[in-house]
Structures are given as structure tokens and as C-alpha cells.
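Here is a short briefing to read alongside the model. Please have the viewer open and follow the topics in turn.

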Amino acid sequence: MTHFVGIGVGPGDSELLTLKAVQTLKQLDTLYVPHAHSGQVSLAETIAQPYLKTTIEIKSRRFPMVRSQTVKAQEWQKIADEIIADVNAGQEVGFLTLGDPAIYSTFSYLCNYLQGKIPIRSVAGISSFSQIASILVQPLILDNESLAIIPANKDPQQLEQLIDLNDNVVLMKLAVNFAKIYQILAQRNLLAQTTVIEHASMEQQVIKTMNQYHPEDKVPYFTTAVLRKEHTDAIQKNT
């Protein structure tokens, strides 16, 4: 029986794929990848490239992120129908996702159009914040501490509440709301305790504390912040 499988390729370094992910990639006949906005090969495909068969068929598809739910649903349904046809034709079909398929992944949304129609499975990947904790040699959570994983584009009042209520916080999608996040942390004297990582595990990786930025700075799309309220050690700038 053939499947549609979502494969987490980790945060950026090709060596961070799990053995399970590598084995799964090598078994694929067809691979779907999100179309890169730049028109170049997507980051997910670049990460997986060392493990792909030369005979694999790669299908780059655009997943529209627009306000119109009707337009979005129509386009996603077209891609889902194509995937269903491939699996029913006896192909092992994969879909690449950065980090882990269960965390802010297009794969999860796509599954809504496929459930009950074809067999689906997923292969976990290393999340960006798990790798960041490893890079910093710093725990995300200990003992009875709480941890919140928050998208920076959340409602500002909710952001404040979640930051106040939790001992440790991972702030994802930082680029879309950097100034507001900076302001919230500054008001609470938490800038020095917030570590910001740009391009985690990639060649251009940069590590700073939030107080090394200006609130109007523009950070790259692949930027994540980790706040540990009890952590006071200075993080050295790493370029």
C-alpha cells in the first residue's frame, strides 16, 4: 500500500534529518514541495537534496496564503486531488516541511483535504526551537517550569498575557511583529534574557540577545527568540 507522507527536514542543516526521514526520502517516487517565493529551489528541498533519488519526480506547487477562503480552498483542493491521484496510481508520495510536520506546517493543513481518502503518515523532524536549545546548550524547560510556544503575530494583549504567565517562552514568526515583541519585552526588563537566533543551524546563523537590536530592526524570516526568565548569562554574539 502506498502512502502520502509528510517529512520533517529540520531547521536547516542537512545533517539534522533523522535516519527515519532519510530512509523515507529514499523510498519516494514523487515529492511535493512548496513553491519558493523567489522562484528558486525551496529551502526544504535544498535541505533534503543529498538524500533524494535521481529518478524522483519533484512537483513544486504554490499554496496561496490569501484572505479569500474560497480561492485558498480551490487551489489547495487541486493539489490534494493531484496527490490522491498519484497515491492511487501506486506511487509513494512525500511532502517536505521545515522543522516538524506538526508545527506550523503546510502539511497539516493539506491533510484536511486528504483524510479518509488515502493513507497518510508523517515523519517527525527536529523543530527550530529544539535545535536552538541545543545550540545554546540551554534547557527549554526544567522541573515545574512552564513553556509557551507563541507566534509573534498573535494579538498583542494575548502576547503580553502569555509572556507574563509562563516561565519560558519561544517566540516564532518574529519577523512579522518584531517591534511589538521588542516593546513588550523592554517594558518588562526582559531584553537581556531573550536570545534571538537568525537562521538556526545554517551557515549564516547569528545569535544575539534582544538588547543588541533596535526596535525598528528588520530581522530575517527564519528568526526565533527564546526567553528564559531565570537565565541571566550573557550570550556571546555568534556569526
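Five strands make up an open sheet with parallel pairing, in the order β3-β2-β4-β1-β5. Strands pair here if DSSP finds at least two bridges between them, and helices (H or I, at least four residues) and strands (E, at least two) are DSSP runs numbered from the N terminus. This is a predicted model, in which local features need pLDDT of at least 70 and side-chain atom pairs count only at pLDDT 80 or more, while totals for chains, interfaces and linings use all residues. Residues are numbered from 1 along each chain as its sequence is written, and side-chain values use heavy atoms, with hydrogens and water left out.

**The sheet and its helices**

- At the edges are β3 and β5 (120–123), each of which pairs on one side only.
- From one strand to the next, the twist averages 25°; axes are lines fitted to C-alpha atoms, for helices over the stretch in contact, and angles run from 0 to 180 degrees between N-to-C directions.
- Five bridges join β1 (residues 4–8) to β4 in the parallel sense, and Ile-7 stands opposite Leu-96 in β4.
- Helix α1 (residues 19–26) lies across β1, β4 and β5, and runs at about 140° to β1.
- Helix α3 lies across β1, β2 (30–34), β3 and β4, at about 165° to β2.

**Aromatic rings**

- There are ten aromatic pairs, counting rings of Phe, Tyr and Trp (its six-membered ring) with centres within 6.5 Å; planes under 30 degrees apart are stacked, over 60 edge-to-face and the rest tilted.
- Phe-63 and Phe-95 are an edge-to-face pair because their ring centres are 5.6 Å apart and their planes are at 90°.
- This pair links distant parts of the chain, 32 residues apart: Phe-63 is in the loop between β3 (57–61) and α3 (69–88), and Phe-95 is in strand β4 (residues 93–97).
- Phe-63 is buried at 10% relative accessibility, and Phe-95 is buried at 1%; buried means under 20% relative accessible area, exposed over 50%, and partly exposed in between (1.4 Å probe, protein chains only).
- One aromatic cluster is formed by Phe-4, Phe-63, Trp-76, Phe-95, Phe-107, Tyr-109 and Tyr-113.

**The whole chain**

- The protein chain has seven helices and ten strands.
- Its C-alpha trace spans about 60 × 40 × 35 Å along the principal axes.
- Of the 239 residues in the protein chain, 49% count as buried.
- Among contacts (heavy atoms within 4.5 Å) with a separation of 6 or more in the protein chain, 71% are between residues 24 or more positions apart.
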